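This report goes through one chain, from a single contact out to the overall fold. Please keep the sequence and the model in view while reading.

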Amino acid sequence: MCLRLWNQSELSRNQALVQGRVPPGLEEHRQLTQAIVARDLDRALAVHRAHLINGARGQQR
């Protein structure tokens, strides 16, 4: 399952880069990094959860 998700995320990211778009989820990655650096576990978990849900929704399209 992890390998499948990784492959799908790489495909999506590469397609976005080829088309000159910002990869989906980039803002969520930034927010997650900030929460981790700030050691804000609750915020990091919330951002991570939202990122997974948004990613799953994107894969259904």
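With which side chain does the side chain of E28 make a polar contact?

## Basis of the model

This is a predicted model: local features need pLDDT of at least 70, side-chain atom pairs count only at pLDDT 80 or more, and totals for chains, interfaces and linings use all residues. Residues are numbered from 1 along each chain as its sequence is written, and side-chain values use heavy atoms, with hydrogens and water left out.

The pLDDT is the predictor's confidence in each residue, from 0 to 100. Its mean over the chain is 81, and 82% of the residues reach 70 or more. Confidence is highest in helix 2, at 90. It is lowest in helix 1 (residues 2–18), at a mean of 77.

## The E28 contact

The partner is H51: the two side chains make a polar contact at 2.5 Å. A polar contact is a pair of N or O atoms within 3.5 Å; within protein, one must be able to donate a hydrogen and the other to accept it, and residues adjacent in sequence count only if both atoms are side-chain atoms.

E28 sits in helix 2. Its relative accessible area is 16%, so E28 is buried. Buried means under 20% relative accessible area, exposed over 50%, and partly exposed in between (1.4 Å probe, protein chains only). Leaving out residues up to four places away in sequence, E28 touches V47, A50, H51 and N54. Contact here means heavy atoms within 4.5 Å.

## Helix 2

Helix 2 covers residues 26–37, and its 12 residues should span 16 Å at 1.5 Å a residue. The expected span is 1.5 Å times one less than the number of residues. The end C-alpha atoms are 17 Å apart, which agrees.

Its buried residues are E28, L32 and A35. An α-helix has 3.6 residues a turn, so residues three or four places apart point the same way.

R39 is not a glycine, yet its phi is positive, at about 60°. Most residues other than glycine have a negative phi. R39 counts as exposed, at 78% relative accessibility.

D40 lies in this loop too. It is partly exposed, at 35%. A polar atom of the D40 side chain lies 3.1 Å from the backbone nitrogen of R43.

## The whole chain

The chain has three helices and zero strands, in the order α-α-α. Helices (H or I, at least four residues) and strands (E, at least two) are DSSP runs, numbered from the N terminus. Of the 61 residues, 11% are buried.
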